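Q: I would like to learn how to read pockets, cavities and helix packing. Please take them one at a time.

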Amino acid sequence: MKNNEIYNFLKQFPIFKDLNEYEMEPIVDFARSRKYESGTIVFMQHEPLTDVYFIQSGKVKIYKTDYEGKEQIVNVLQKDDMFPHQGFFRKGNYPAHAEILEDALLINIPILSFENFLLTHPEISIKMFRVLSEIIIDLQKRLEEKILYNVYDQIILLLLRLAKKNGEQIDENWSKLTVLLTNRELANMIGSSRETISRTLTQLKKEHVIKNDKNGYLIVNHTELEEKVFT
């Protein structure tokens, strides 16, 4: 990828959008792009944290594993997302695994190079904290869902969150999820069981508020799902 393409792509991110071309030049110079095939592990939990990644195309699954090997999906990221979000301000190791769900083109920025850049551009640190605050708010909402809602409602909230972040709106009521997730993966996203997810999805299909297209992608009626939880 040419430097001008990297520049135009990175400029859309909140932490870079207010920088001029001169300020962006050193960042573009030490940024690197690479294609990844589906199933590739970008990094593993507890490996030394060396780079922050920006997704130009494709999808990436972020997940943790416990000592028994049980998987907990933290997020499914797509085009125009960055990860790990706290990477530029964290020492130590990667907090989770990152696996390519769909063939992807990623741009990575070495943390050490970026830290040296921040020493001469402290205003970028302020922009980074603003981005991190949005992530913290999202995590707080998920914790509230876990505490305040039963499993049935948590599954509906998960579908709504996926429709908002990983969905294409069909009309004012329906959205199609653009990522294929198994019942096990959905369960891992909220700490539930595959059987519970299966029963709930079957019930929601009987109520005609979700359905699958011919390729297996979920289509959800976000209007009616919201009414189930919030009314």
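A: On a 1 Å grid over the protein atoms alone, a pocket is an open set of points with protein on both sides within 12 Å along at least five of seven lines, a cavity is a set where a 1.4 Å probe fits but cannot get out, and lining residues have an atom within 4 Å of a point. This is a predicted model, in which local features need pLDDT of at least 70, side-chain atom pairs count only at pLDDT 80 or more, and totals for chains, interfaces and linings use all residues. Residues are numbered from 1 along each chain as its sequence is written, and side-chain values use heavy atoms, with hydrogens and water left out.

Q: Which residues lie nearest the centre of the second largest pocket?

A: They are Q72, R142, L143, M189 and I190, out of 14 lining residues. The pocket holds about 320 Å³ of space, a volume being the space filled by probe spheres set on the grid points, which are joined across faces, edges and corners.

Q: Which element gives the most to the lining of the second largest pocket?

A: Helix α4 does, with five residues. Helices (H or I, at least four residues) and strands (E, at least two) are DSSP runs, numbered from the N terminus. β4 (71–77), α4 (123–148), α5 (151–165) and α6 each supply at least two residues of this lining.

Q: Which residues line the largest cavity?

A: The lining is made of N75, V76, R142, L158, R161, L162, K165, N166 and M189. The largest cavity has a volume of about 40 Å³, and α5 gives the most to its lining, with four residues. Each of domain 1 and domain 2 provides at least three lining residues.

Q: How is the packing of two helices described?

A: Two packed helices are described by the angle between their axes and the distance between the axes. Axes are lines fitted to C-alpha atoms, for helices over the stretch in contact, and angles run from 0 to 180 degrees between N-to-C directions. Here the axes of α6 (residues 183–190) and α7 (residues 194–206) come within 8 Å and cross at roughly 105°. That makes α6 roughly perpendicular to α7 (65 to 115 degrees; under 35 is roughly parallel, over 145 roughly antiparallel, and the rest oblique).

Note on methods:
Domain bounds come from an automatic or database domain assignment.
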